[in-house]
Amino acid sequence: MEIGRWRRQEAIALAIVLLIVVGLPAATLGYQFGLRPLLSANVQEVEIVGRLPERGGWSVETVRVQVGKPVRLILTSDDVVHGFAIGKMGVDAGWVYPGQPKVVEFTPQRAGRYTFYCTTWCAEGHWRMRGTLEVYDPQDPSAVNEPVDPPQTDWQAEGIDLDAPHLAEIFPAKRPSAARGAAIWQRTPELPTPDQVLARLDLRRQSPAQVFEMLQEDRVPDLALAPLGRMPEGDLWDVVAFLWREGTAAESVELGRELYQTNCAACHGENGDGQGPAAASLLSSSMERDLQGKHGPQSPADFTDARSMAGGTGMIYYGKLVRGGMGTGMPYWGTIFTEQELWALVDYLWTFPFDLSTQER
(Lines give C-alpha, C1' and ligand atoms only; values in the text may rest on other atoms or scores of the structure.)
Protein backbone atom coordinates (compact mmCIF):
# COMPACT_ATOMS: atom_id res chain seq x y z
CA MET A 1 0.00 0.00 0.00
CA GLU A 2 2.81 2.39 0.93
CA ILE A 3 4.62 1.70 -2.35
CA GLY A 4 1.48 2.31 -4.38
CA ARG A 5 0.87 5.67 -2.69
CA TRP A 6 4.45 6.81 -3.45
CA ARG A 7 4.06 5.82 -7.10
CA ARG A 8 0.85 7.85 -7.39
CA GLN A 9 2.57 10.86 -5.86
CA GLU A 10 5.49 10.46 -8.23
CA ALA A 11 3.08 10.30 -11.17
CA ILE A 12 1.33 13.48 -10.04
CA ALA A 13 4.64 15.26 -9.55
CA LEU A 14 5.81 14.15 -12.98
CA ALA A 15 2.58 15.41 -14.53
CA ILE A 16 3.03 18.82 -12.87
CA VAL A 17 6.62 19.06 -14.10
CA LEU A 18 5.55 18.14 -17.64
CA LEU A 19 2.79 20.75 -17.48
CA ILE A 20 5.29 23.43 -16.47
CA VAL A 21 8.07 22.42 -18.83
CA VAL A 22 5.97 21.55 -21.85
CA GLY A 23 2.44 22.80 -21.31
CA LEU A 24 3.08 26.47 -20.51
CA PRO A 25 5.52 27.08 -23.38
CA ALA A 26 3.11 25.30 -25.71
CA ALA A 27 0.27 27.50 -24.50
CA THR A 28 2.39 30.63 -24.93
CA LEU A 29 3.43 29.68 -28.43
CA GLY A 30 -0.14 28.79 -29.24
CA TYR A 31 -1.33 32.21 -28.13
CA GLN A 32 1.52 34.05 -29.87
CA PHE A 33 1.26 32.32 -33.21
CA GLY A 34 -2.28 31.00 -33.18
CA LEU A 35 -4.83 32.82 -31.07
CA ARG A 36 -3.21 36.29 -31.10
CA PRO A 37 -3.03 36.58 -34.91
CA LEU A 38 -6.63 35.38 -35.05
CA LEU A 39 -7.75 37.97 -32.51
CA SER A 40 -5.67 40.68 -34.21
CA ALA A 41 -6.87 39.92 -37.72
CA ASN A 42 -9.09 43.01 -37.77
CA VAL A 43 -6.90 45.18 -35.58
CA GLN A 44 -3.92 47.26 -36.66
CA GLU A 45 -1.33 46.51 -34.00
CA VAL A 46 1.71 48.75 -33.60
CA GLU A 47 4.48 48.55 -31.03
CA ILE A 48 6.17 51.82 -30.02
CA VAL A 49 9.11 51.99 -27.65
CA GLY A 50 9.95 55.20 -25.82
CA ARG A 51 13.60 56.14 -25.39
CA LEU A 52 15.30 59.29 -24.15
CA PRO A 53 15.66 61.95 -26.85
CA GLU A 54 19.43 61.47 -27.07
CA ARG A 55 18.76 57.78 -27.74
CA GLY A 56 16.37 58.48 -30.57
CA GLY A 57 13.03 59.17 -28.91
CA TRP A 58 10.11 57.06 -30.09
CA SER A 59 11.16 53.90 -31.94
CA VAL A 60 8.68 54.70 -34.70
CA GLU A 61 8.54 58.17 -36.23
CA THR A 62 5.54 57.64 -38.49
CA VAL A 63 2.61 55.29 -37.99
CA ARG A 64 0.06 54.76 -40.76
CA VAL A 65 -3.37 53.37 -39.89
CA GLN A 66 -6.68 53.18 -41.70
CA VAL A 67 -9.75 55.20 -40.92
CA GLY A 68 -12.52 53.13 -39.34
CA LYS A 69 -10.24 50.20 -38.48
CA PRO A 70 -9.43 49.50 -34.81
CA VAL A 71 -5.88 50.26 -33.72
CA ARG A 72 -3.98 48.69 -30.86
CA LEU A 73 -0.85 50.49 -29.70
CA ILE A 74 1.54 48.58 -27.45
CA LEU A 75 3.64 51.16 -25.66
CA THR A 76 6.78 50.43 -23.68
CA SER A 77 9.77 52.36 -22.37
CA ASP A 78 13.41 51.39 -22.49
CA ASP A 79 14.66 53.83 -19.89
CA VAL A 80 12.58 56.34 -17.91
CA VAL A 81 8.90 57.14 -17.48
CA HIS A 82 7.42 58.67 -20.61
CA GLY A 83 3.89 59.82 -21.40
CA PHE A 84 1.97 59.23 -24.61
CA ALA A 85 -0.88 61.11 -26.24
CA ILE A 86 -2.17 61.87 -29.74
CA GLY A 87 -3.13 65.49 -30.24
CA LYS A 88 -6.57 66.35 -31.62
CA MET A 89 -7.69 62.72 -31.37
CA GLY A 90 -8.48 62.52 -27.67
CA VAL A 91 -6.08 59.61 -27.07
CA ASP A 92 -4.06 59.94 -23.87
CA ALA A 93 -2.31 56.82 -22.56
CA GLY A 94 -0.89 58.58 -19.51
CA TRP A 95 2.45 57.44 -18.15
CA VAL A 96 4.41 54.59 -19.70
CA TYR A 97 6.72 52.90 -17.21
CA PRO A 98 9.95 51.07 -18.14
CA GLY A 99 9.35 47.39 -18.74
CA GLN A 100 5.57 47.66 -18.33
CA PRO A 101 3.78 47.46 -21.68
CA LYS A 102 0.66 49.61 -21.90
CA VAL A 103 -2.02 48.85 -24.46
CA VAL A 104 -4.16 51.59 -25.95
CA GLU A 105 -6.97 50.86 -28.38
CA PHE A 106 -8.96 53.29 -30.49
CA THR A 107 -10.61 53.53 -33.88
CA PRO A 108 -9.65 56.59 -35.96
CA GLN A 109 -12.70 58.26 -37.45
CA ARG A 110 -11.12 60.98 -39.55
CA ALA A 111 -8.31 60.91 -42.10
CA GLY A 112 -5.35 63.27 -41.79
CA ARG A 113 -2.05 63.86 -40.08
CA TYR A 114 -1.92 63.83 -36.29
CA THR A 115 0.96 64.31 -33.88
CA PHE A 116 1.76 61.87 -31.09
CA TYR A 117 4.02 63.12 -28.35
CA CYS A 118 5.48 62.53 -24.91
CA THR A 119 3.39 64.20 -22.21
CA THR A 120 5.88 63.84 -19.38
CA TRP A 121 9.10 65.83 -19.19
CA CYS A 122 11.72 63.09 -19.40
CA ALA A 123 14.99 64.88 -20.21
CA GLU A 124 16.45 67.89 -21.94
CA GLY A 125 15.20 67.65 -25.51
CA HIS A 126 11.91 66.17 -24.31
CA TRP A 127 10.06 68.33 -26.84
CA ARG A 128 11.71 66.32 -29.65
CA MET A 129 9.77 63.21 -28.65
CA ARG A 130 7.10 63.59 -31.29
CA GLY A 131 5.91 61.47 -34.18
CA THR A 132 3.27 61.46 -36.87
CA LEU A 133 0.14 59.36 -37.05
CA GLU A 134 -1.15 59.17 -40.60
CA VAL A 135 -4.79 58.12 -40.85
CA TYR A 136 -5.46 56.86 -44.36
CA ASP A 137 -8.88 56.75 -46.00
CA PRO A 138 -9.07 54.51 -49.11
CA GLN A 139 -12.08 56.54 -50.25
CA ASP A 140 -10.12 59.81 -50.04
CA PRO A 141 -6.39 59.01 -50.39
CA SER A 142 -5.19 62.62 -50.47
CA ALA A 143 -6.75 63.42 -47.09
CA VAL A 144 -3.92 61.62 -45.30
CA ASN A 145 -1.64 64.56 -46.06
CA GLU A 146 -3.95 67.17 -44.58
CA PRO A 147 -3.32 68.55 -41.07
CA VAL A 148 -6.28 68.05 -38.78
CA ASP A 149 -7.97 71.18 -37.43
CA PRO A 150 -5.09 73.62 -38.01
CA PRO A 151 -5.09 76.84 -35.94
CA GLN A 152 -7.83 79.20 -37.08
CA THR A 153 -6.57 82.54 -35.78
CA ASP A 154 -4.26 84.36 -38.19
CA TRP A 155 -1.89 85.84 -35.63
CA GLN A 156 0.65 86.70 -38.33
CA ALA A 157 -1.83 89.12 -39.92
CA GLU A 158 -1.65 91.15 -36.71
CA GLY A 159 1.89 92.16 -37.58
CA ILE A 160 3.14 91.44 -34.08
CA ASP A 161 6.72 90.51 -33.30
CA LEU A 162 6.50 87.49 -31.04
CA ASP A 163 10.12 87.75 -30.01
CA ALA A 164 10.15 91.45 -29.08
CA PRO A 165 9.98 92.35 -25.37
CA HIS A 166 6.58 93.66 -24.35
CA LEU A 167 7.32 95.44 -21.09
CA ALA A 168 4.57 97.86 -20.09
CA GLU A 169 5.26 101.41 -18.93
CA ILE A 170 2.47 101.09 -16.37
CA PHE A 171 1.86 97.92 -14.42
CA PRO A 172 0.35 96.95 -11.05
CA ALA A 173 2.43 97.18 -7.88
CA LYS A 174 0.67 94.12 -6.48
CA ARG A 175 -1.37 91.30 -7.95
CA PRO A 176 -4.80 92.70 -8.95
CA SER A 177 -7.89 90.97 -7.60
CA ALA A 178 -10.99 90.39 -9.71
CA ALA A 179 -13.06 89.98 -6.54
CA ARG A 180 -12.02 93.43 -5.30
CA GLY A 181 -12.69 94.81 -8.77
CA ALA A 182 -16.21 93.34 -8.72
CA ALA A 183 -16.88 94.98 -5.36
CA ILE A 184 -15.62 98.34 -6.68
CA TRP A 185 -17.85 98.05 -9.73
CA GLN A 186 -20.85 97.16 -7.61
CA ARG A 187 -20.49 100.19 -5.35
CA THR A 188 -20.14 102.56 -8.32
CA PRO A 189 -23.73 102.64 -9.66
CA GLU A 190 -23.09 105.26 -12.34
CA LEU A 191 -20.96 102.78 -14.31
CA PRO A 192 -22.47 100.83 -17.24
CA THR A 193 -22.68 97.05 -17.05
CA PRO A 194 -19.45 95.06 -17.48
CA ASP A 195 -20.91 93.50 -20.65
CA GLN A 196 -21.35 96.94 -22.19
CA VAL A 197 -17.68 97.70 -21.56
CA LEU A 198 -16.44 94.30 -22.75
CA ALA A 199 -18.42 94.70 -25.97
CA ARG A 200 -16.22 97.72 -26.78
CA LEU A 201 -12.91 96.12 -25.82
CA ASP A 202 -10.89 93.35 -27.46
CA LEU A 203 -9.11 91.51 -24.68
CA ARG A 204 -7.35 89.18 -27.11
CA ARG A 205 -5.62 92.06 -28.87
CA GLN A 206 -5.38 94.66 -26.12
CA SER A 207 -2.91 94.37 -23.27
CA PRO A 208 -3.94 94.97 -19.66
CA ALA A 209 -1.89 98.17 -19.69
CA GLN A 210 -3.79 99.44 -22.73
CA VAL A 211 -7.13 98.66 -21.13
CA PHE A 212 -5.98 100.34 -17.92
CA GLU A 213 -5.20 103.54 -19.83
CA MET A 214 -8.49 103.44 -21.76
CA LEU A 215 -10.43 103.19 -18.50
CA GLN A 216 -8.34 105.78 -16.71
CA GLU A 217 -8.65 108.30 -19.55
CA ASP A 218 -12.32 107.51 -20.25
CA ARG A 219 -11.56 106.49 -23.84
CA VAL A 220 -13.88 103.51 -24.22
CA PRO A 221 -16.12 104.44 -27.17
CA ASP A 222 -19.71 105.52 -26.46
CA LEU A 223 -19.46 104.99 -22.71
CA ALA A 224 -18.98 107.35 -19.78
CA LEU A 225 -16.41 105.89 -17.40
CA ALA A 226 -15.19 109.05 -15.67
CA PRO A 227 -15.58 107.57 -12.14
CA LEU A 228 -12.89 105.02 -13.00
CA GLY A 229 -10.41 107.77 -13.85
CA ARG A 230 -10.72 109.22 -10.34
CA MET A 231 -9.85 105.94 -8.63
CA PRO A 232 -6.47 105.09 -7.09
CA GLU A 233 -4.37 103.08 -9.54
CA GLY A 234 -4.51 99.96 -7.35
CA ASP A 235 -8.32 99.99 -7.44
CA LEU A 236 -8.33 100.51 -11.19
CA TRP A 237 -6.04 97.51 -11.67
CA ASP A 238 -8.53 95.45 -9.65
CA VAL A 239 -11.22 96.62 -12.09
CA VAL A 240 -9.04 95.51 -15.01
CA ALA A 241 -8.69 92.08 -13.41
CA PHE A 242 -12.47 91.97 -12.93
CA LEU A 243 -13.07 92.71 -16.61
CA TRP A 244 -10.57 89.99 -17.60
CA ARG A 245 -12.46 87.48 -15.47
CA GLU A 246 -15.83 88.57 -16.89
CA GLY A 247 -14.45 88.23 -20.41
CA THR A 248 -13.29 84.65 -19.88
CA ALA A 249 -15.41 81.50 -19.54
CA ALA A 250 -14.65 79.50 -16.39
CA GLU A 251 -14.78 76.26 -18.41
CA SER A 252 -12.07 77.56 -20.71
CA VAL A 253 -9.84 78.48 -17.78
CA GLU A 254 -10.29 75.01 -16.28
CA LEU A 255 -9.42 73.32 -19.59
CA GLY A 256 -6.38 75.56 -19.87
CA ARG A 257 -5.32 74.65 -16.35
CA GLU A 258 -5.41 70.93 -17.16
CA LEU A 259 -3.39 71.39 -20.34
CA TYR A 260 -0.90 73.69 -18.64
CA GLN A 261 -0.24 71.35 -15.73
CA THR A 262 0.37 68.43 -18.10
CA ASN A 263 2.36 70.13 -20.83
CA CYS A 264 3.80 73.43 -19.56
CA ALA A 265 4.39 73.25 -15.81
CA ALA A 266 7.60 71.23 -16.09
CA CYS A 267 9.36 74.29 -17.53
CA HIS A 268 7.20 77.27 -16.55
CA GLY A 269 6.37 75.95 -13.07
CA GLU A 270 3.03 75.11 -11.51
CA ASN A 271 2.75 78.72 -10.33
CA GLY A 272 3.81 80.15 -13.68
CA ASP A 273 7.00 81.66 -12.27
CA GLY A 274 9.34 80.00 -14.79
CA GLN A 275 10.85 77.80 -12.08
CA GLY A 276 9.63 74.34 -13.11
CA PRO A 277 11.83 71.28 -12.49
CA ALA A 278 13.05 71.36 -16.11
CA ALA A 279 13.92 75.07 -15.99
CA ALA A 280 17.39 74.42 -14.59
CA SER A 281 18.47 72.45 -17.64
CA LEU A 282 17.23 75.22 -19.96
CA LEU A 283 19.00 77.81 -17.83
CA SER A 284 22.24 75.85 -18.13
CA SER A 285 21.83 75.67 -21.89
CA SER A 286 21.05 79.38 -21.95
CA MET A 287 24.30 80.21 -20.13
CA GLU A 288 26.19 78.05 -22.57
CA ARG A 289 24.54 79.88 -25.46
CA ASP A 290 25.48 83.25 -24.02
CA LEU A 291 29.08 82.17 -23.69
CA GLN A 292 29.14 81.01 -27.27
CA GLY A 293 27.18 83.99 -28.58
CA LYS A 294 24.75 81.72 -30.38
CA HIS A 295 21.02 81.21 -30.42
CA GLY A 296 19.72 78.46 -28.22
CA PRO A 297 17.48 77.59 -25.28
CA GLN A 298 16.26 80.37 -23.03
CA SER A 299 14.92 80.41 -19.51
CA PRO A 300 11.17 79.74 -19.43
CA ALA A 301 8.92 82.81 -19.39
CA ASP A 302 7.78 84.05 -15.99
CA PHE A 303 4.02 84.59 -16.21
CA THR A 304 3.97 86.24 -12.79
CA ASP A 305 6.14 89.13 -14.04
CA ALA A 306 3.67 92.01 -13.66
CA ARG A 307 5.42 94.34 -16.12
CA SER A 308 5.78 91.78 -18.88
CA MET A 309 2.25 90.44 -18.52
CA ALA A 310 0.75 93.95 -18.37
CA GLY A 311 2.31 94.61 -21.77
CA GLY A 312 1.42 91.26 -23.34
CA THR A 313 -1.68 90.35 -25.30
CA GLY A 314 -3.60 87.15 -25.79
CA MET A 315 -2.63 87.22 -29.44
CA ILE A 316 1.07 87.19 -28.55
CA TYR A 317 0.69 84.12 -26.34
CA TYR A 318 -1.50 82.40 -28.91
CA GLY A 319 1.13 83.01 -31.60
CA LYS A 320 3.89 81.68 -29.38
CA LEU A 321 1.93 78.53 -28.66
CA VAL A 322 1.26 77.92 -32.34
CA ARG A 323 4.73 78.78 -33.60
CA GLY A 324 6.91 77.82 -30.64
CA GLY A 325 10.03 79.57 -29.48
CA MET A 326 12.13 79.11 -32.62
CA GLY A 327 15.10 77.38 -31.02
CA THR A 328 14.60 78.71 -27.51
CA GLY A 329 13.43 75.35 -26.17
CA MET A 330 9.73 76.30 -26.34
CA PRO A 331 8.04 73.70 -28.58
CA TYR A 332 5.24 74.49 -31.04
CA TRP A 333 1.77 73.28 -30.17
CA GLY A 334 -0.25 74.20 -33.24
CA THR A 335 -0.24 70.62 -34.52
CA ILE A 336 -1.27 69.20 -31.15
CA PHE A 337 -3.86 71.50 -29.60
CA THR A 338 -7.19 72.43 -31.12
CA GLU A 339 -8.21 76.06 -31.55
CA GLN A 340 -10.31 75.79 -28.40
CA GLU A 341 -7.40 74.31 -26.44
CA LEU A 342 -4.97 76.98 -27.62
CA TRP A 343 -7.21 79.80 -26.43
CA ALA A 344 -8.00 77.91 -23.21
CA LEU A 345 -4.28 77.89 -22.45
CA VAL A 346 -4.07 81.61 -23.14
CA ASP A 347 -7.04 82.21 -20.84
CA TYR A 348 -5.34 80.24 -18.08
CA LEU A 349 -2.11 82.24 -18.36
CA TRP A 350 -3.97 85.34 -17.11
CA THR A 351 -4.55 83.62 -13.76
CA PHE A 352 -0.88 84.15 -12.95
CA PRO A 353 -0.69 87.97 -13.07
CA PHE A 354 -4.35 88.36 -11.98
CA ASP A 355 -6.24 86.76 -9.12
CA LEU A 356 -9.38 85.82 -11.03
CA SER A 357 -11.11 84.03 -8.15
CA THR A 358 -14.59 85.13 -7.11
CA GLN A 359 -13.67 85.46 -3.43
CA GLU A 360 -11.22 88.05 -2.21
CA ARG A 361 -8.15 86.43 -0.63
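Author: A residue is called buried under 20% relative accessible area, exposed over 50% and partly exposed in between, with a 1.4 Å probe and the protein chains only. By that criterion, 47% of the 361 residues of the protein count as buried. The model is predicted, so local features need pLDDT of at least 70 and side-chain atom pairs pLDDT 80 or more, while totals for chains, interfaces and linings use all residues. Residues are numbered from 1 along each chain as its sequence is written, and side-chain values use heavy atoms, with hydrogens and water left out.

Reader: What makes up the secondary structure of the protein?

Author: The protein has 12 helices and 8 strands, taken as DSSP runs (H or I, at least four residues, for helices; E, at least two, for strands) and numbered from the N terminus. Among the contacts in the protein with a separation of 6 or more, those between residues 24 or more positions apart account for 70%, where contact means heavy atoms within 4.5 Å.

Reader: Why are strand 2 and strand 5 called edge strands?

Author: The open sheet has 5 strands in the order 2-8-7-4-5, with mixed pairing. Strand 2 (62-66) and strand 5 (91-96) each pair on one side only, and pairing requires at least two bridges found by DSSP. Strand 4 (residues 82-86) meets strand 5 over 5 bridges in the antiparallel sense, with His-82 opposite Val-96. These two strands form a hairpin with 4 residues between them, and Lys-88 in the turn has a positive phi of about 65 degrees. Elsewhere in the sheet, strand 7 (residues 112-117) and strand 8 (residues 130-136) also pair in the antiparallel sense, over 6 bridges.

Reader: Why is Thr-115 called buried?

Author: Thr-115 has a relative accessible area of 11%, which is under 20%, and therefore counts as buried. Thr-115 belongs to strand 7 and stands opposite Thr-132 in strand 8. Beyond four places in sequence, Thr-115 touches Ala-85, Ile-86, Gly-87, Arg-130, Gly-131, Thr-335 and Ile-336.

Reader: What makes the approach of Thr-115 to Thr-335 a polar contact?

Author: Their side chains come to 3.3 Å, and the term covers N or O atoms within 3.5 Å, one able to donate a hydrogen and the other to accept it, with residues adjacent in sequence counting only if both atoms are side-chain atoms.

Reader: How do you know whether helix 2 is roughly parallel or roughly perpendicular to helix 6?

Author: Helix 2 (residues 178-186) and helix 6 (residues 233-246) pack at an angle of about 100 degrees, with their axes 7 Å apart. Because 65 to 115 degrees counts as roughly perpendicular, helix 2 is roughly perpendicular to helix 6. On the side of helix 2 the contact includes Ala-178, Ile-184 and Trp-185, and on the side of helix 6 Val-239, Phe-242 and Arg-245 are among the residues involved. The buried residues of helix 2 also pack against helix 3 (194-198) and helix 5 (226-229).

Reader: Why is Arg-245 called buried, and which residues is Arg-245 in contact with?

Author: Arg-245, a residue of helix 6, has a relative accessible area of 16%, again under 20%, so Arg-245 is buried. Apart from neighbours within four places in sequence, Arg-245 is in contact with Ala-178, Ala-179, Ala-182, Leu-356, Ser-357 and Thr-358. A polar atom of the Arg-245 side chain lies 3.1 Å from the backbone oxygen of Ser-357.

Conventions. Axes fitted to C-alpha atoms, helices over the stretch in contact; angles between N-to-C directions. Parallel < 35°, antiparallel > 145°, perpendicular 65-115°, else oblique.
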